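Subject: Structure for your attention

Dear colleague,

Please find the structure below, together with its sequence. My notes on what was found in it follow.

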Amino acid sequence: MDQLTTYAVTSLDGVAFGLLLFTVGAGLALIFGVMDIMNLAHGTLYLVGAYVAATLSGGGLLALGVALAVGLAVGAGGGAALSFVLRPLGREGSHLDEALVTLGIAFIAADGMTAAFGAAPMQTHVPTALEGSISLGIHAYPVYRLVFIGVAALVAVLLHVAVRRSTPGKMLRATISDPDMAAASGIDTGRVRTAALAVGGALAVGAGVLGAPLLGPGPGVDNTVLVLSLIVVVVGGAGSIPGTLLAALLVGQVQTIGVVTAPALAPFALFGAMLIVLVLRGRTTAVVAGRPA
Amino acid sequence: MTTTLSRPGVLPAVPVRPLVFAGTVTVCVALPWIVGAYQISLAASALVLGTLAMSTQLLVGVTGLPAFGQAAYFGVGAYTAALLANAGVTAGPVHLVAAASTGAAAALATAPIVLRTRATTFMMVTFAVQSLTATLASKWKPVTNGDDGLHTPAVRPWPGGPALTVNGFTYLYVLAAVLLLGLLMAVLLRSRLGLVLRGNADHEQRMAALGHRVTGELTLGYVAAGAFAGAGGALLIAVNRYVSPADMGFEVAAVTLLAAAIGAGSMTGAVVGAALVVFARDYLGGSTEHGPAFLGILFLLVAYGRPLVKRLRS
């Protein structure tokens, strides 16, 4: 019984971590969807958010709000800047050159952040109002994580509704599935792209600000987040918010329960998930970028 | 990307390339008598990275698949050689054959996953393969000793030969091995498989329409690239006498892609690219603690320089 509750708590941690990966992964999927690039600096954006939180937040809810606002602004700016730095490569830029640009940014930013914040991981303080634990049956659970689960779930619902129902969401889907046709029917695809990149960047940095108490800033965290979020995109299929959410929750469980019970098998579980999804989906040139749900 | 290779008509009448190549090889052989011990160890590291860059180039520059994960097979080869060395088998050639075999086997095992994708998704999946393999190396402690890595005895150039403990000799052994691997690669590129892989880079659908079993052929190419990467791993053990999950990590994967990009589709270019990367990271950046920033700048220079160079050529 005791072991069972331990698993239940670990599983709840997995939900929180999964939702964190969903927020980052949804941003990555969005950027992949509109630009057909793999943003190798996506983990860097998360790390920026986590450092913003570690520096600005702590104490009051207001400080967290300020950190979040700064983070979202930085993320939107960073995402939008991505379209400018990739523009010189041309519209038909090779995947290799695009990857090199985002890698270069990631390396320089990582070097700068290590120089500014040191090589040791930083502690992030939770606002006093959200400190402490709440009793769930017989086990106590940190309040902040529950709040995080709630906020991230809300983000997921809002994103889904926005992509499915709103006019900008429909313009986004049209731009992803057929840019030329969308442009011909009067959609300013350039603006849609920039907006999507800004939202994608804001999601990554926002996840960093709110997720810092779960996965704090430190050298190497950018790579961890990058790898896990792109596994989420591969398994979930870019373009489908519910798919991304399911994949994120799965990876979250593997990364918590899987790592606790069988650490050497966890990589195999993720390999297996990718294999199953890729086999079931059949061969595609670019996941399902052309088929947004 | 393959335009520089697929234009045999523009070769100059004077055999400039063979002469330059012969001159470079001569300088490389004479290097231990020219530079100091530290530089020679860097040169050996550059050759090891160069082998991995050749493996990556076979996929990126020749086959048109943006592979980010060759470091995984490199790591598989390195751990194979390290385990052999620790079991008392210290003959370098045995390491090379064994590591190439396990690298190829690992590539064969993962090919069904990665070859279901192309383009950006291919890059994502190969990245995931690299990262998950590195995670496996750090978690599978009974075999890999986790993040502490494996130390090994010195490699011998042939069974019963002298132990390679002096940097200059190690370098010459690695140079000989890399030249042999380069020769094998040259043969592979001129073989039927090499041509078919290039054809797939140019127009995969047409190759399929011509009756080629594209997936099978790409699998062969992927396995060959895995074998080269694995052999590079064996050379890593000869140079470092040590392997840890960091040797197959994100940075290795990233700089390998950079080296291949500098090579712009050519194999010798990839090796030169690897040497440039080691020079920028360890020689320029090594003394400042800002190696990653130097690398980052090199990434941007190459990314923006390549389209420029392409435009100037055409």
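Two strands pair if DSSP finds at least two bridges between them. Helices (H or I, at least four residues) and strands (E, at least two) are DSSP runs, numbered from the N terminus. This is a predicted model, in which local features need pLDDT of at least 70 and side-chain atom pairs count only at pLDDT 80 or more, while totals for chains, interfaces and linings use all residues. Residues are numbered from 1 along each chain as its sequence is written, and chains are lettered from A and ligands numbered from 1 in the order in which they are written.

The hairpin of chain A

In chain A, strand β1 (residues 133–136) and strand β2 (residues 139–142) run antiparallel and are joined by four bridges. Ser135(A) has Ala140(A) as its bridge partner in β2(A), and Ser133(A) is partnered there by Pro142(A). Two residues lie between the strands of this hairpin, in which Gly137(A) takes a positive phi near 65°.

The contact between the chains

Two residues are in contact if their C-beta atoms, placed from the backbone, lie within 7 Å. On this basis, 39 residues from chain A and 39 residues from chain B take part in the contact. On the side of chain A that touches chain B, the elements giving two or more residues are α4 (95–117), α9 (221–236) and α11 (266–281) of chain A. The largest share of that side comes from α4(A), with 12 residues. That side of chain A has 29 nonpolar, six polar and four charged residues by class. Here Ala, Val, Leu, Ile, Met, Phe, Trp, Tyr, Cys and Pro count as nonpolar, Asp, Glu, Lys and Arg as charged, and the others, Gly among them, as polar.

For the angles below, axes are lines fitted to C-alpha atoms, for helices over the stretch in contact, and angles run from 0 to 180 degrees between N-to-C directions. Angles under 35 degrees count as roughly parallel, over 145 as roughly antiparallel, 65 to 115 as roughly perpendicular and the rest as oblique. A crossing is left-handed if the near helix is turned anticlockwise from the far one by less than a right angle, and right-handed if clockwise.

Helix α11(A), already named at the contact with chain B, also packs within its own chain. Its axis and that of helix α10 (residues 241–261) of chain A come within 9 Å and cross at roughly 160°. α10(A) and α11(A) are therefore roughly antiparallel to each other, and their crossing is right-handed. Among the residues that make this contact are Leu250(A) and Val254(A) of α10(A) and Ala266(A) and Leu270(A) of α11(A). The contact of α10(A) with α11(A) comprises eight nonpolar, two polar and no charged residues.

Helix α2 (residues 42–56) and helix α8 (residues 189–211) of chain A pack with their axes 7 Å apart, at an angle of about 40°. α2(A) and α8(A) are therefore oblique to each other, and they cross in a right-handed sense. The residues that meet include His42(A), Tyr46(A) and Gly49(A) in α2(A), and Gly201(A), Ala204(A) and Gly208(A) in α8(A). This contact of α2(A) with α8(A) has 11 nonpolar, six polar and no charged residues.

Helix packing in chain B

In chain B, the axes of helix α2 (residues 37–62) and helix α3 (residues 70–86) come within 10 Å and cross at roughly 135°. α2(B) and α3(B) are therefore oblique to each other, with a right-handed crossing. Leu52(B), Ser55(B) and Thr56(B) of α2(B) meet Gln70(B), Ala71(B) and Phe74(B) of α3(B).

Annotated regions

UniProt, in an unreviewed entry, lists residues 44–62 and 99–122 of chain A among those under "transmembrane region". In the model, residues 44–62 of chain A are 79% helix and 0% strand, with the end C-alpha atoms 25 Å apart. Residues 99–122 of chain A are 79% helix and 0% strand, with the end C-alpha atoms 29 Å apart.

With kind regards

How values were computed. UniProt positions renumbered as here; feature names shortened; annotations may be inferred.
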